[in-house]
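This report concerns aromatic side chains and their surroundings. The sequence and structure are shown first.

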Amino acid sequence: MTDPHANPLLQSWDGPLGAPPFDKVRDEDFLPAFETAMALHRDEISAIAGDDAPATFDTVVAALERSGEPLARVRRLFWTLSSAQGTPAIRAIEGQVSAMLSAHGTAISHNAMLAAKVATVHAARHDAGLTPAQIRLVESSHAGFRRGGAALTPVQKDRFAAIDARLSALAVQFGHDVLAATADWVLDLGPDDLAGLPSGLCDAAAGRAAAKGQVGRYHVTLDRTDYESFLTFSARRDLREALWRAFTDRCDGGAHDNWLVIAETLALRQERAALLGYADHAHYALEDSMAHDPAAAADLLAQLWEPGKRRAAEEAAELQALIDANGGGFALAPWDWRFYAEKVRRDRYALDGGAVAEHLRLDAVRQAAFDSAARLYGLTFTRRADIAGYHPDVWAWEVGDATGAPVGLLFTDYLARPEKHGGAWMGSLRVQEAMDGDVRPVVYLVANFAAAPPPDTAATRLSIDEARTLFHEFGHALHGLLSRVTYPSQSGTAVARDFVEFPSKFMENWIVSRDVLSGFGVPDALIDAIRQAEAYGQGFATVELIGCALVDLAMHRSVGAAANPRAFVAAELERLGMPPEIGLRHRVPYFTHIFDGGYASAYYSYAWSEALDADAFEAFLATGDIFDPALAARFRAEILAAGDSRDPMESFRAFLGRAPDPSALMRARHLVDA
């Protein structure tokens with residue numbers, strides 16, 4: 001075993017506010033760091049399992065919470081870099097690291113002595129004088145061992161371990177294929193191809209081309225921000241179609257085809273669920289969610305699906321009429337929808353998306369998120385130029401409370417780079433906990449906004465949807481930063497998958513508020529247009545989102561989808577009546593949420609969390625002040641601070657004094673009369 005003190009990755013983080021030593025990270029240190037950290041953790045596990053003392057909360061469950069701290073640090077640091085700053089050396093070992101972690105976790109779950117001790121504590125949990133949070137932790141730990149295969153026979157355990165190892169490898173392969181397919185393609189444009197495009201998109205495209213030595217050209221990528229902006233504004237229908245086909249055909253055949261990966265993944269997930277006694281993967285995955293079973297998730301989706309389709313049909317008819325009125329002579333296609341919907345917004349609501357973006361500088365939107373958190377929760381955000389990130393684009397922010405006391409550390413990384421995975425996300429480098437002292441969180445935010453050319457990359461302009469994305473991920477960050485729990489396994493965003501999106505969806509409401517938009521200098525007339533146009537396009541937005549959730553759930557409820565997933569998905573879309581001019585927001589071959597992102601069977605979570613968000617925000621609106629201090633304090637205490645220390649439904653009830661009102665989501669999506 002490597003001397004822990006010889007590897008900088010294994011040393012405690014002693015930077016300001018617990019910042020990790022990004023400046024000391026060397027790719028070649030990761031594998032030996034993982035090997036050593038796992039060996040240290042195995043020793044801790046052996047000591048807990050072999051302890052002759054009676055099995056109690058302190059000797060077993062609390063001891064497990066304290067174990068593995070060096071491994072947690074290395075793991076979080078590695079996956080942060082892997083997703084946001086993946087060098088070739090890191091990409092090369094992702095599969096190996098994933099396999100190591102999978103085998104390590106499975107070995108712990110299959111440790112019979114340890115599982116027996118956890119079971120003993122679980123059996124006595126109501127008679128041991130434990131707090132509600134401790135009882136919940138015991139129950140979660142016991143369920144984790146059961147779901148990890150602790151009760152299987154030796155032969156079954158071997159098969160379970162093999163399945164987990166293979167699923168880990170397949171997830172890495174899926175992500176690599178999507179990343180490679182995205183990076184392999186660019187739409188190369190000349191000055192005559194830019195009709196309709198906003199200046200921000202043109203500047204970013206010119207900067208990318210210039211970086212490749214092609215001054216005077218414009219490169220549009222398959223990053224979603226480029227894709228959606230180009231399809232919204234480009235007057236060139238042929239180029240819109242070319243980009244749409246390249247985006248939606250990723251990993252569907254060719255060098256990066258993912259269908260075989262999907263088939264094997266579905267088959268192995270089903271086999272693992274059957275080993276554990278579940279009907280299918282969806283029942284396995286949703287057992288510890290708010291929905292609890294696939295039927296409840298499907299019921300929510302069904303409430304939205306038909307009204308969403310009806311509204312989408314009305315929108316499609318209107319767009320076709322606009323095409324015909326303009327002498328188009330063609331049927332509405334997927335690459336036309338955003339372009340003509342933007343025309344409707346301009347004509348009906350005087351909403352000019354390009355004009356909105358001119359006000360939404362990246363630095364201003366980031367500051368607006370900070371200011372909103374200051375007004376809601378009394379937080380302060382101070383730039384710490386002395387704290388290095390993992391890339392020059394990454395900025396560190398010291399987060400404090402109203403008294404000036406430290407809350408935590410936030411890293412922001414907003415600009416697109418080739419070495420990043422696509423999309424936007426929040427992660428934790430260190431979680432808040434208080435087992436043996438007050439440990440403050442270190443969290444980070446990542447996005448892929450198309451950067452304005454250097455040196456003023458802060459001049460990057462965002463669409464209103466991109467600004468929503470920034471606020472959404474910032475909501476996740478607040479969930480991590482404002483956590484106030486004792487045990488790390490219950491900290492921040494470590495909650496049920498269909499609850500974790502609640503604080504993030506909730507935060508989106510502020511970016512479209514009059515109060516916040518006026519702070520950017522957006523004229524009143526344009527603010528009115530944004531707010532009036534909120535109802536328009538909800539058919540399209542509902543169908544492309546809920547369609548993904550329905551397909552995800554169907555694949556993981558079916559025992560036969562793995563035989564031919566391509567045919568299964570096609571048949572399911574036919575059965576659902578998916579409008580061909582809309583299609584899925586994430587086609588299955590690049591649906592990283594469910595094949596490389598932890599949302600398998602649970603993509604419905606976005607709609608479930610949105611239902612909670614809609615209900616909660618209506619409470620703020622009812623006060624007449626979306627920054628109402630009493631309600632904000634209650635949201636912070638009952639939702640953000642509580643983490644997973646109690647059932648999420650209890651947290652919601654503690655916030656509003658009642659169960660969620662499901663009709664709030666229909667109102668929020670303007671589908672009540674659809």
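Predicted model: local features only at pLDDT ≥ 70, side-chain atom pairs only at ≥ 80, totals over all residues.

In the pair formed by Phe247 and Tyr590, the ring centres are 5.6 Å apart and the planes meet at 70°; because an angle over 60 degrees counts as edge-to-face, the pair is classed as edge-to-face. Phe247 belongs to helix H10 (residues 237-248), whereas Tyr590 is in the loop between helix H23 (565-576) and helix H24 (592-595), so that the pair links parts of the chain 343 residues apart. Phe247 is buried, at 3% relative accessibility, and Tyr590 is likewise buried, at 4%.

## A tilted tyrosine pair

Tyr603 and Tyr606 form a tilted aromatic pair, with 5.1 Å from centre to centre and 50° between the planes. Both of these tyrosines, Tyr603 and Tyr606, are buried.

## Phe620 and the aromatic cluster

One aromatic cluster consists of Phe499, Phe502, Phe506, Trp510, Phe617, Phe620, Phe627, Phe635, Phe652 and Phe655. Of these residues, Phe620 lies in helix H25 (residues 605-623) and is buried, with a relative accessible area of 0%.

Beyond its neighbours within four places in sequence, Phe620 is in contact with several residues, including Leu376, Phe506, Trp510, Ile626, Leu631 and Phe655. The C-alpha atoms of Phe620 and Lys505 are separated by 14 Å, and the two residues are 115 residues apart along the chain.

Technical notes
Residues numbered from 1 in each chain as written. Heavy atoms only, no water. Helix = DSSP H or I, 4+ residues; strand = E, 2+ residues; numbered from the N terminus. Buried < 20%, exposed > 50% of the residue type's maximum accessible area, 1.4 Å probe, protein only. Contact = heavy atoms within 4.5 Å. Phe/Tyr/Trp six-rings, centres within 6.5 Å; stacked < 30°, edge-to-face > 60°.
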